[in-house]
Amino acid sequence: MSNEPTADRIEAEALYRDLGMTGEEYRRAAELLGRRPNWVELGLFSVMWSEHCSYKSSRRVLRRFPTKGPQVLQGPGENAGVVDIGDGLAVAFKMESHNHPSAIEPYQGAATGVGGIIRDVFTMGARPIALLDSLRFGPPDDARQRYLLREVVAGIAGYGNAIGIPTVGGEVKFAESYRHNPLVNAMCVGLMRHEDLARGTARGVGNPVMVVGARTGRDGIHGATFASAEDPLEKERSAVQVGDPFMEKLLVEACLELIATGAVVGIQDMGAAGLTSSGAEMASRAGSGLDIDVALVPRRETGMTPYEVMLSESQERMLVVMERGKESVAEEIFRKWGLEAAVIGRVTDDGMLRVRDGGRVVAEVPVRALVDEAPVYERPAREPEELRAFRAWRWEETPRPQRLDEALLTLLGSPDLADKEWVWRQYDHMVQASTAVRPGADAAVIWIRGTRKGVALCTDGPGRYARLNPLAGGMHAVAEAARNLVCVGARPLAITDCLNFGNPEKPEVFYQFRQAVEGMSRACEVLGTPVVSGNVSFYNESKGVDIDPTPIVGAVGVVDDVERICTPAWRPGLTVILVGPGAPASGEEGAWLGGSEYLLRVHGRLAGDAPPLDLEMERRVQALCLEAIRRGWAAAAHDVSEGGLAVALAEMAIAGGVGA
Amino acid sequence: MYRARVYVTLKAGVLDPQGGAVERALHALGYAEVRGVRIGKAIEVTLAAPDAETARRRVEEMCRELLANPVMETFEVEAV
Amino acid sequence: MYRARVYVTLKAGVLDPQGGAVERALHALGYAEVRGVRIGKAIEVTLAAPDAETARRRVEEMCRELLANPVMETFEVEAV
Amino acid sequence: MRVAVIQFPGSNCDMDTVLALRDVTGAEPDLVWHGQRDLSDYGAIFLPGGFSYGDYLRAGAIARFAEAMDGVRRAAEDGRLVIGICNGFQILLEAGLLPGAMLHNDHLQFRCAIVPVRVERTDTPFTSGYAQGQVLRLPIAHGEGNYYADGETLEALERNRRVVFRYAGENPNGSRNAIAGIVNEAGNVLGMMPHPERAVHRLLGSEDGRALIAAILQAGRERQLV
């Protein structure tokens, strides 16, 4: 293009830095290409090698996750993980973060986060049956944080309600470190029969490649590297991504109808880095190449350059590879639903991603270079200084409160523990008429109508434990998620995750990340819940302050008989039993109060070490609890977590409307 | 007492799904001559002010602070 | 090519909770002089027409048929 | 009697309504695309909940122009049964088949909850299965359920006993006279904001919607509807 910088200017003025690439990465790209990249090629490298798409700082650590199991039909690497739930049925699920866009425009940032994660699920051939969202803000005594909370919840409601997928679970927590960097993690779950499983691969030379759904505009250009640059408030704030839930509803129906015809070779949603990442990833999985022409992509704005079309993050679009000669099958289905469907190129076997503009080649890059050769960094890790100070805390130093009832009221008034009905009553959590356990319990249960089966869902985070001890924090996040599933009567099957951390180039942050993954992995192994999908969100940092390490876990379980489910609501006449390890030896109580809600809310202190967690004991406690519910012995169940036993009992009393 | 009318509209380039849906509906109703529809807000503010000029300045301040979202919207103040 | 701007506002007797909420927010931000806020829609329609008069007439038809609900809303067309 | 459930682009509760009809009556309703104008085969027509055409401009504003609405209008005129649930009620209002309009909820938020709803009359084809004054527990889920009509229309609705359902507890959206559901003069067209199709099983939180669906089929038999 006329005004686009030449290869010489890119190198001379180090323009690659504007796209978030280091000098070393630029030279590596030129080496793989065998020549210096032009502007469009540089754009492809910059988004594919961004932290968001390449996982360059996290890839090596993520290998630690256990991802196998008899119940796993599809592990990490595809658009969503897929798990068998028996009787020929399976669930696809994933969680994704939209933190940086939500800091800029909270309503649309949250809405497009929901839209994106829904596409990751139905692209696997599953019909979406539930949404959950995990949110973090600064303390709510500040008007800006209340504005962000209001707009993010309205955005999630606006999108989820309009598309007709029930938002049934999640959590909202508040802490100082999220003040300038809110977290918006969205999870979607879909249901399918085993034979419906579709995959994101571009196989078969000559097969047509099609862009379907909405038209393409300049939305979120550089959203991918945008997400990886450090400070959300100083970034380029022009092209805000706007979601259209109505069009996505049509897209869900059209895509599921198209997949059912059997004429689809591969399908993937266009998320961060739009056409570039979907095209490159689909070709990489099949070991093939793509020859596409951006002039054929249906557009919403005039005068878009090939660079802009390849990097656009316009919403509600999918990339589809059809069987050769079956293009008309797609065109007809999409016309019925009032959507675009255009052939933009072919699958090739030369392993190249070749981009044309009206026939003229404007970019030609080996797929391997973009996907497999992305740099992989082994970042240095160092235990944060503050841990030693935290662990110097002694339980004996803390004065005992005179009145325990006042302490309990303080805890129940904590924004983290307070009732969140104000949030979830804005979500349609009953559409699809299948919600057997509604928000407010330990987990949600979706009843598969026409069967006795239910799918249990929840999200959980480590709270402050991960700050005090990242390893224990990772373990607690997984253990608590599994515990919540068990408390509604479900057998935990697998998890997805959103690993929200600060700047990985800081050794303390990378230590937190690596330790949290280690902790999560150990808990997954003992509790038998492999990781089947997930997302890493780094650079959650503003004005030099990193967020607390926040590994969010999304857990899925199965209820074999929906007549045997449980909620915290107890009834008069029941005996209350506490199941778990015995009370701590006298003098050791402090071990269980480190990083507790009590210590923070009553004494205003964050200190101590995360409570000890015996994973083997956890597994046995969960097994006993699940058996008790299955046998009908237990009529109510609730996990003891933040706020401890006192809060757990209070919450059951409130849920049941009866004291104890 | 002054009555100012403020128009808050989406910035160019920002997708307007609602405008698109209304445009398609108008075409379906036979208004083929319609080339585009953009939907924004019309906010009428009644306020006390010493003179029209101050009224206009204050309303513009309100727009920057609350009535328009600077990230995706522009505003125009018309004193009535 | 003409660009008409349509204001659709709630009829006088109809409660406008959105306007009330914005008014309270403005007072909280220190704009004590605000006496009332009413929120309506500003719809910009771009259309081809032989002349301004026909353009206005067609847009008024669109308002009666779709853009405004006569039970609770009134409309006003301003050719731009 | 044959039953139709109309499917608009953006309808979300069409399948829920089909499932509820199948569950309560054992009979299979037809899912009818909004482009079908002739609905003369059907004794009862459901306009389901959802966000037809994204609820853009106003909830139901665009859906009322769909071809199927001609069939709905004819069914209303010749005494067959028409039931508009939530978005369906909004479409009937926009189409002028029922008087009044829906504003945004007065608290400006979407609200989803199971709420108490009182049955104001039982001499209708929809409420014959309930007792007079019975308070049902029905789910609501809407952002524009704040029913409005001018004084004159409201007074006529009350005088002619056309208010069939009224919110019994706290008014969840600001509706005038806490109106939750009304019928037309002839009494064969019902619009209601609560979702009976979501209250058909204990596991879903309430079974109070079953009697409404059963009553409709019963009325179809009594009136020898097609």
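1. Polar contact between chain D and chain B comes to one residue pair, with both residues at pLDDT 80 or more. A polar contact here is a pair of N or O atoms within 3.5 Å; within protein, one must be able to donate a hydrogen and the other to accept it, and residues adjacent in sequence count only if both atoms are side-chain atoms. For salt bridges (a side-chain nitrogen of Lys or Arg within 4 Å of a carboxyl oxygen of Asp or Glu), the count between chain D and chain B is zero. On the side of chain D that touches chain B, four residues are nonpolar, with no polar and no charged ones. In this scheme Ala, Val, Leu, Ile, Met, Phe, Trp, Tyr, Cys and Pro are nonpolar, Asp, Glu, Lys and Arg are charged, and the others, Gly among them, are polar.

2. The model is predicted: local features need pLDDT of at least 70, side-chain atom pairs count only at pLDDT 80 or more, and totals for chains, interfaces and linings use all residues. Residues are numbered from 1 along each chain as its sequence is written, chains are lettered from A and ligands numbered from 1 in the order in which they are written, and side-chain values use heavy atoms, with hydrogens and water left out.

3. How many residues of chain D are in contact with chain B? Four residues of chain D meet seven of chain B, where contact means heavy atoms within 4.5 Å. About 490 Å² is buried between the two chains, and carbon and sulfur atoms give 84% of this. Buried area is the accessible area (1.4 Å probe) that two parts lose on being put together, summed over both. D:Tyr56, D:Leu57 and D:Ile62 supply 79% of the area that chain D buries against chain B.

4. Chain B also touches chain C, with 34 residues taken from chain B and 34 from chain C. The area buried there is about 3000 Å², of which 59% comes from carbon and sulfur atoms. In chain B, the residues that lose the most area to chain C are B:Tyr31, B:Glu33 and B:Ala42, together 18% of what that side buries.

5. Four salt bridges are counted between chain B and chain C. One pair that meets in a salt bridge is B:Arg5 and C:Glu76, at 3.4 Å from N to O. β2(B) gives the largest share of the side of chain B that touches chain C, 14 residues. That side divides into 18 nonpolar, five polar and 11 charged residues.

6. Strand β2 of chain B and strand β2 (residues 34–47) of chain C pair in the antiparallel sense over 13 bridges. Strands (E, at least two residues) and helices (H or I, at least four) are DSSP runs numbered from the N terminus, and two strands pair if DSSP finds at least two bridges between them. B:Lys41 has C:Lys41 as its bridge partner in β2(C).

7. Is A:Glu316 buried or exposed? A:Glu316 is buried, with a relative accessible area of 1%; buried means under 20%, exposed over 50%, and partly exposed in between (1.4 Å probe, protein chains only). Its phi is near 55°, a positive value in a residue other than glycine. A:Lys543, also not a glycine, has a positive phi of about 50°, but A:Lys543 counts as exposed at 57% relative accessibility.
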